[in-house]
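Try each task before reading its solution.

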Amino acid sequence: MDLKSNKNRLLIQMQYDASTNKYPMSFPLPMLLLNIKQDGDELVDLILECKDKNKAGKFESVDNLLNKINTSWDTYSGVIVNMGEYPADADRYEYFEYFLDNIKVPIFVMGTYPTINRERVLSFNSSLAESNISILETDFNITDVYIPDEYLESYPMVGGKKRAVMKITWGCPQHCKMCPVPALYNGKYKYCGVDVSVARVRDLYNRGVRFITFTDDNISSADKRFVKFMEKVKKENFKGLKLHSQEGFEVTAFSNEDFCRLLVETKWVTVKLGVENIKEDFLKKIGKYFFDFNSIDTAIKNIKKYNIKGVRFFFLIGLDETEEDVLENLKYFSKHHVELRTNIIRKYKNTELYDMNYTQKMTPATMRKLKSMAYAISWLSPYKVDMFDKNALDKFITENGYTTTTKNDKLVIKGRTKFGFQTNRFKTALKCMYESKYNTNDSIVTISDGGVEITNKIIGGFDSWV
Ligand SMILES: C[S@@+](CC[C@H](N)C(=O)[O-])C[C@H]1O[C@@H](n2cnc3c(N)ncnc32)[C@H](O)[C@@H]1O
Ligand code: SF4
């Protein structure tokens, strides 16, 4: 790239579909590009542009951009395309690969996917004799990126609150074998000064920000410094400020009661924990930083003691565990009314897991079934019902104003049946509670405006799971 040229660069945030893009709370700002942006550079954010578009609309945006680059490439001193900032973005490459397939001029690419899977990214060639794709080493350190006001204004707000994105750490000191973070950061971890971090929060607050998303991969690993950070944030008394940790906290941090108390006092709205599994052998196989079940049990006790809200456990499935192993986990989580975020293990290049020998014992259909049960447990968590308890169905029905009748061999349940996009979770929860009560495993649940009908007819298969 001719950096001495008086032409400016075109910086592009590539579109990808990830859970972070769905919710205003975690909607990504183009932080990696803001980090390298110089005066005069043009920045196009396809994620923002495609926010409310369907798939065809998103591809149309990518096509328009391709057209713009292929025809006006020589008016820029360079074109840089960023593909994702977070580990999970590493396998959201549908639009990016389409872009690489159709770009006809030299470009630079950066971000998670080109860092994790260089070979594949470089394998895309246009009609040019030589590859037109070069990888720009990504500086993932966004701890002191200044977000200009126009970006604070134009990205989605959270419940009417102006939102910003921040990081106070860089990388992760742990070495979980399935996780792309160690590869992205070469196994390094850095923590910003506590006072500097608090000053950054203060600056954003003074510019009207009332919701901050921390995108750190492991914000609580330097636990004493993190507790200090929260103590100082608390002292500042930022009225109306809410905080959100997108990637979550270490399980072991929850054995520190100051940490638990301060999470509540400094108003973290969602609190995710990298629990993964309750079984020691699973945790050892993935090289998790803890493998003692007591760490999880203590975390749950302290979460209850300090009444920490918005808790979600990351739950990982799809190594070599059996269906029974996963059910044992689900029974424990259901008993504690935990909300789960279930991830089926993905094999990322350049992770230890990528070259590990193991045999997956569950079929994809079994994993989908277990994932839907985990969703049902999460849906039931506010009702404080354990769906594996034989009294769960009766408790749920009487405490929530439902009535039941029986018609031939059907149980008919009347009451609220619509829960928007969560209706399927309600349906699975009813199926599991019914099966716990009647000690069966092949019930069929049908939901209509008139109510819910459950039969115990054997139709079987996983089609009845949602
Ligand atoms: C940033 S970590 C959670 C917080 C903290 N760093 C910790 O591990 O305790 C986010 C989650 O991503 C999930 N994850 C990591 N590698 C994965 C992979 N290869 N496939 C699917 N999920 C993965 C794990 O469930 C992990 O808990
Ligand atoms: S602690 Fe979290 S971020 Fe760090 S390697 Fe493990 S899963 Fe990844």
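This is a predicted model: local features need pLDDT of at least 70, side-chain atom pairs count only at pLDDT 80 or more; totals for chains, interfaces and linings use all residues.

Residues are numbered from 1 along each chain as its sequence is written, while chains are lettered from A and ligands numbered from 1 in the order in which they are written.

**Exercise 1.** Find the domains into which the protein is divided.

*Solution.* Start with the bounds, which come from an automatic or database domain assignment. They give domain 1 (9-135), domain 2 (149-362) and domain 3 (392-464). Next, take the C-alpha centres of domain 1 and domain 3: they lie 46 Å apart.

**Exercise 2.** Describe how helix H10 packs on helix H11.

*Solution.* Helices (H or I, at least four residues) and strands (E, at least two) are DSSP runs, numbered from the N terminus. Axes are lines fitted to C-alpha atoms, for helices over the stretch in contact, and angles run from 0 to 180 degrees between N-to-C directions.

- Step 1: the axes of H10 (residues 194-206) and H11 (residues 223-236) come within 9 Å and cross at roughly 40°.
- Step 2: H10 is therefore oblique to H11. Under 35 degrees counts as roughly parallel, over 145 as roughly antiparallel, 65 to 115 as roughly perpendicular, and the rest as oblique.
- Step 3: residues are in contact if their C-beta atoms, placed from the backbone, lie within 7 Å. On the H10 side these include Val 194 and Val 198, and on the H11 side Phe 229 and Val 233 are among them.
- Step 4: sorted by class, this contact has five nonpolar, one polar and five charged residues. Ala, Val, Leu, Ile, Met, Phe, Trp, Tyr, Cys and Pro count as nonpolar, Asp, Glu, Lys and Arg as charged, and the others, Gly among them, as polar.

**Exercise 3.** Which residues of H15 and H16 meet?

*Solution.* First the geometry: H15 (residues 323-335) and H16 (residues 364-380) pack at an angle of about 5°, with their axes 10 Å apart. H15 is therefore roughly parallel to H16. Then the contact: Glu 323, Val 326, Leu 330, Phe 333 and Ser 334 in H15 meet Thr 366, Leu 370, Met 373, Ala 374 and Ile 377 in H16. By class, that gives seven nonpolar, two polar and one charged.

**Exercise 4.** Examine the shells around ligand 1 and ligand 2.

*Solution.* A residue is near a molecule if its C-beta atom, placed from the backbone, lies within 6 Å of it. Around ligand 1 there are 16 residues, the closest being Met 178, Glu 247, Gly 274, Phe 314 and Asn 343. Strands E11 (271-276) and E12 (311-317) each supply at least two residues of this shell. Its classes are seven nonpolar, four polar and five charged.

Technical notes
Two residues are in contact if their C-beta atoms, placed from the backbone, lie within 7 Å.
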